[in-house]
Every structure is written in structure tokens, then in C-alpha cells.
Amino acid sequence: FVNNTSTKQWYQRRVREVYCNLKAGLEKVANKHGERILDTPTNQISLAFTLTPAHFKEGFQLTELGSMLFQRNVTGARVVTTTAEKTIGAVTLHGFGSHCDNYPTAYITFAAGVGMKLSDVDVLLTKLDKLLDKVSL
């Protein structure tokens, strides 16, 4: 019998281990492709990977990267562009989907969630790296 405190601590350690491995792997992929991981010290679950438009082939839409990953069974990744706008009533939201109106770079987010295994991290990193090889200059 495992009490709730032990189970919660086990999950917290597991998510932390996955997060650390995901961050280290994303940093390697980012360095290879001229990108970086955004510094978000208070977020211990999600990571953001920059997407510099000049690094991609002409005509490539950054949002395509999210759908390409999804087609390869990588779920949860979300591309945030700096150009998205949405109008609701009389209010226009600039940088829609981001946390501010004028974030300086587009990015894609990845999360280290409960249930994610280290092998899932490896698969995600391999697929991301291969896709970036395909769509980058």
C-alpha cells in the first residue's frame, strides 16, 4: 500500500527527471539548429524552443511544424508566432497565443507531463531534429 504523499513525491521526482532530460535534449537540438531554449525559471513543466523565421526555408509557415510533429505522433507541442492576431468584439489581441503583445521571437512549447517516459523524450527529440533538418536552411 502506497500512501498519497509517497505517490505524489514519486510523480514529482519522475516529472522532474523527464523535465531535466527534455531540457538537456532540447538545448542540444536548439544549438544544432541555431535556436535556443527560452529561460522560464518558474515553469518546471513546459519548455519553449525559439523558432527564428530566417532559419527556415522560404515559404515555410512556422505553424506547420506543430502539425508535422502531430502527424508523427508527437502531441502537445504548440507553435506561438509573433504575428497572430485575434479580434473579439472591439478588442484586438496582438501576439495571440503568447503571454504578451510583442514577444520578440516565435517559439514552440513542449511539456514534461505526468505519464511521459524518458523513452518518449528520446522519440520527441529525434523527430524534432529530423524535421528541423528537413525544413531548415
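Student: In the hairpin of S3 and S4, which residue takes a positive phi?

Tutor: This is a predicted model, so keep that in mind throughout. The residue is glycine 89, with a phi near 65°. The hairpin has two residues between its strands.

Student: How many bridges join S3 to S4?

Tutor: Start with the general idea. Strands of a sheet pair through backbone hydrogen bonds, either parallel or antiparallel. Here, S3 covers residues 85-88 and S4 covers residues 91-94. Four bridges join them, and they run antiparallel.

Student: Let me step back. How many helices and strands are there in the protein?

Tutor: There are three helices and five strands. Read along the sequence, they follow the pattern α-β-α-β-β-β-β-α. The C-alpha trace spans about 55 × 40 × 25 Å along its principal axes.

Student: In what order do the strands of the open sheet come?

Tutor: The order is S1-S5-S2, with antiparallel pairing. S1 and S2 stand at the edges, each with a single partner strand, so one side of each has no neighbour in the sheet. From one strand to the next, the twist averages 25°.

Student: How many bridges join S2 to S5?

Tutor: Three bridges join these antiparallel strands.

Student: Now the helices. How far does H3 reach from its first C-alpha to its last?

Tutor: H3 runs over residues 118-135, which makes 18 residues. The reach is 26 Å, close to the 26 Å expected at 1.5 Å a residue.

Student: Which residues of H3 are buried?

Tutor: The buried residues are Val121, Leu124, Leu125, Leu128, Asp129, Leu131, Leu132 and Val135. They cover an arc of only 165° around the axis, which puts them on the same side of H3.

Student: What covers the buried residues of H3?

Tutor: The cover includes helix H1 (4-32) and helix H2 (63-71). Strands S1 (46-51) and S5 (106-111) are also part of the cover.

Student: How many residues has the largest nonpolar core?

Tutor: First, the general idea. In soluble globular proteins, nonpolar side chains tend to be buried together. In this model, the largest nonpolar core has 30 residues. Those with the most contacts inside it are Leu26, Phe49, Leu51, Leu65, Phe110 and Leu128. H1, S1, H2, S5 and H3 each give two or more residues to this core. H3 has the largest share, with seven residues.

Student: What does phenylalanine 49 touch?

Tutor: Leave out residues up to four places away in sequence. Its contacts then include Leu26, Val29, Tyr107, Ile108, Phe110, Leu128 and Leu132.

Student: Is valine 15 buried or exposed?

Tutor: Use the cut-off: buried means under 20% relative accessible area. Valine 15 has 14%, so it is buried. Valine 15 lies in helix H1. Beyond residues up to four places away in sequence, valine 15 touches Ala112, Gly113 and Val114.

Student: How far apart in space are valine 15 and isoleucine 45?

Tutor: They are 7.7 Å apart, C-alpha to C-alpha. In sequence they are 30 residues apart.

Student: What share of contacts in the protein join residues at least 24 apart?

Tutor: Count contacts between residues at least 6 apart in sequence. Of these, 65% join residues at least 24 apart.

How values were computed:
Residues numbered from 1 in each chain as written. Predicted model: local features only at pLDDT ≥ 70, side-chain atom pairs only at ≥ 80, totals over all residues. Heavy atoms only, no water. Pairing = 2+ DSSP bridges. Expected span 1.5 Å × (residues − 1). Buried < 20%, exposed > 50% of the residue type's maximum accessible area, 1.4 Å probe, protein only. Arc of directions from axis to C-beta. Contact = heavy atoms within 4.5 Å. Core = buried A, V, L, I, M, F, W, Y, C linked by side-chain atoms within 4.5 Å. Axes fitted to C-alpha atoms, helices over the stretch in contact; angles between N-to-C directions.
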